[in-house]
Amino acid sequence: MDRSPFPLVAAHTGCDGTPYNTVESFMAGVRLGADIVEVDLRVARDGTVVLLHDDNPLLRECTYEQLNEPDVRASIDPLYERRDIVKLTDVLPLARSCRVKLNLDIKTPEAIEPVVRLVKRHDAADDVYVTGCSDNITRRHRDLRVVYNTPTKLPAERQSEYGPFARQMCDIGREGSCYGLNMHRETCRPEIVELAREYGLAVWVYTVNEAEEMMRFVRCGVDAITTKRVAGLVGLRDGGLSGK
């Protein structure tokens, strides 16, 4: 696996103070210079893939057209009083035109196959990474790059003995034919980055917003850093900070 001297900059949805999972948020990531922009994905009753973080019973009761009625969408979140709920079909071509990759953070198993169908319909396998709920995707779709979400907390017995945890995660990643590991910042240590390199796995870390912590992970050699403070991470990249 080719590794850049600086991690890919991944814009967390809602970066730069924009509303989560909106076109504004996506474009902010692009404008600030991110390599990857995250979107959260769920599915409406009719199978339409929508950009939403939180679950809502209306997703199982409404088609997209019903869900996007002004009074209905405003009940989901006030930010939708004057905005449409964004569909994945809206951002796939937008990402390609902006020459930015997408991190498709799938929030529920029911959304997996609808997401995959859209990616294939748009011939976008090279434009996306998949995180979140990714159960068995690589068994059915070997062309998709799955970045496996590791546990957000270390088991108590692994706080002082990290090695077995690192090896277990890398084994899961390799056995699942994953592209890499998507790790919470509190569980990512240099040992797993080095081991993942031996396994041929990338290591992503989220959500890193403080400059000192960004620098620590850059020097650790991770492959991507997800942040809400995209400008700060881009500034480190463009200022010439390397992982050495």
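This is a predicted model: local features need pLDDT of at least 70, side-chain atom pairs count only at pLDDT 80 or more; totals for chains, interfaces and linings use all residues.
Two helices, α7 (137-140) and α8 (163-175), each supply at least two residues of the lining of the second largest pocket.

Rolling a probe the size of a water molecule over the atoms shows where empty space is left. The second largest pocket has a volume of about 230 Å³, and 14 residues line it, with Asn136, Thr138, Arg139, Gly176 and Cys178 lying nearest its centre. Helix α7 gives the most to this lining, with 3 residues. When the lining residues of the second largest pocket are sorted by class, 5 are nonpolar, 5 are polar and 4 are charged.

**Helix α5**

Helix α5 covers residues 88-98, and within it Leu88, Val91, Leu92 and Ala95 are buried. Seen down the axis of α5, these buried residues fall within an arc of 110°, so they line one face of the helix. The buried residues of α5 pack against both helices and strands: the helices are α1 (23-32) and α6 (112-121), while the strands are β2 (36-43), β3 (49-51), β4 (101-106) and β5 (128-132). Just after α5 comes Arg99, which takes a positive phi of about 55°.

**Aromatic pairs**

A pair of aromatic rings is described by the distance of the centres and the angle of the planes. The count for this model comes to 3 aromatic pairs, and two of the pairs are set out below.

| Pair | Centre to centre | Angle between planes | Kind |
|---|---|---|---|
| Tyr129 and Trp204 | 4.9 Å | 70° | edge-to-face |
| Tyr162 and Phe165 | 5.6 Å | 50° | tilted |

What does the pair of Tyr129 and Trp204 tie together? Tyr129 lies in strand β5 and Trp204 lies in strand β8 (residues 202-206), so the pair ties together parts that are 75 residues apart in sequence.

Are Tyr162 and Phe165 buried or exposed? A residue counts as buried when its relative accessible area is under 20%, so Tyr162, at 4% relative accessibility, belongs to the buried residues, and Phe165, with a relative accessible area of 2%, is buried too.

Note on methods: Residues are numbered from 1 along each chain as its sequence is written. Side-chain values use heavy atoms; hydrogens and water are left out. On a 1 Å grid over the protein atoms alone, a cavity is a set of points where a 1.4 Å probe fits but cannot get out, and a pocket is an open set with protein on both sides within 12 Å along at least five of seven lines; lining residues have an atom within 4 Å of a point. Grid points are joined across faces, edges and corners, and a volume is the space filled by probe spheres set on the points. Helices (H or I, at least four residues) and strands (E, at least two) are DSSP runs, numbered from the N terminus. Ala, Val, Leu, Ile, Met, Phe, Trp, Tyr, Cys and Pro count as nonpolar, Asp, Glu, Lys and Arg as charged, and the others, Gly among them, as polar. Buried means under 20% relative accessible area, exposed over 50%, partly exposed in between (1.4 Å probe, protein chains only). The arc is that of the directions from the helix axis to the C-beta atoms. Contact means heavy atoms within 4.5 Å. Rings of Phe, Tyr and Trp (its six-membered ring) pair if their centres lie within 6.5 Å; planes under 30 degrees apart count as stacked, over 60 as edge-to-face and the rest as tilted.
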